[in-house]
Amino acid sequence: MKATRNLIQAYRQAPWRQQVQWAAMILGAIFAVALVAAIYLNVTGRAATIGRIVQGLQNDREDMEQRIEDLQTQLADLTSVATMRDRAEDLGFKPLDPSQVTYVFVPEYQGRATAQLAPHSSQLFDTSRRLPAEYTTSLFEWFGGLFGGGN
């Protein structure tokens, strides 16, 4: 028993050392909590800042869309039939009388260029070329040829 007590006493730490260890563990835990809180605040602050930037950009986008719509309305007003007629009259143009029109026939003139349609797929790809039989044989046909003695 005395040997056991001596052994425990030899490996027992001093009370001040135990207090220092407990204090270090508590300080370490406080430091870990503070570090996690700092990281959380940093990420949250960045997210809030980016959110405000996005809101500002969305507001700018809405303002630009409103400006585009206003300009389209102005363009529609400027190109309306009544406005164009008034502008033409101010420039000295008069309505056309169909009896005053002279048509000139030009035999070489083919007319306005129209949209060209895409060529037919047979013109794009050479359909006369086929794949060799080796590339069209299925796995079952290939095994049948190996084991069945055919081909």
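Predicted model: local features only at pLDDT ≥ 70, side-chain atom pairs only at ≥ 80, totals over all residues.

The turns that follow treat confidence, fold elements, surface, salt bridges and aromatic pairs.

Q: Where is confidence lowest, and where is it highest?
A: The term pLDDT denotes the predictor's confidence in each residue, from 0 to 100. The mean for this protein is 85, and 88% of its residues reach 70 or more. Helix α4 (residues 121-124) has the lowest confidence, with a mean of 64, whereas α2 has the highest, at 95.

Q: How many helices and strands does the protein have?
A: Both are DSSP runs numbered from the N terminus: helices are H or I runs of at least four residues, and strands are E runs of at least two. Here there are six helices and zero strands, giving the order α-α-α-α-α-α from the N terminus on.

Q: What percentage of the residues count as buried?
A: Buried means under 20% relative accessible area, exposed means over 50%, and partly exposed lies in between (1.4 Å probe, protein chains only). Of the 151 residues, 0% count as buried. The accessible surface, from the Shrake-Rupley method with a 1.4 Å probe, comes to about 15300 Å², with 62% belonging to carbon and sulfur atoms.

Q: Which residues make the nonpolar surface patch?
A: Such a patch joins nonpolar side chains (Val, Leu, Ile, Met, Phe, Trp, Tyr) within 5 Å, from residues with over 30% relative accessible area and no salt bridge. Trp22, Met25, Ile26, Leu27 and Ile30 make one of about 580 Å². Tryptophan 22 lies in helix α2 (residues 15-78) and counts as exposed because its relative accessibility is 56%.

Q: Which residues form the salt bridge?
A: A salt bridge places a side-chain nitrogen of Lys or Arg within 4 Å of a carboxyl oxygen of Asp or Glu. The whole structure holds one: arginine 61 with glutamate 65, whose closest N and O atoms are 3.2 Å apart. These residues are four apart in helix α2, so about one helical turn separates them. Arginine 61 is exposed at 58%, and glutamate 65 is partly exposed at 37%.

Q: How many aromatic pairs does the structure hold?
A: A pair of aromatic rings is described by the distance of the centres and the angle of the planes. Rings of Phe, Tyr and Trp (its six-membered ring) pair if their centres lie within 6.5 Å; planes under 30 degrees apart are stacked, over 60 edge-to-face, and the rest tilted. The structure holds two pairs. One of them, phenylalanine 143 with phenylalanine 147, is stacked, at 6.0 Å centre to centre and 10° between the planes. Trp142, Phe143 and Phe147 form one aromatic cluster.

Definitions and conventions
Residues numbered from 1 in each chain as written. Heavy atoms only, no water. Patch = residues over 30% accessible without salt bridge, like charges linked within 9 Å, V, L, I, M, F, W, Y side chains within 5 Å.
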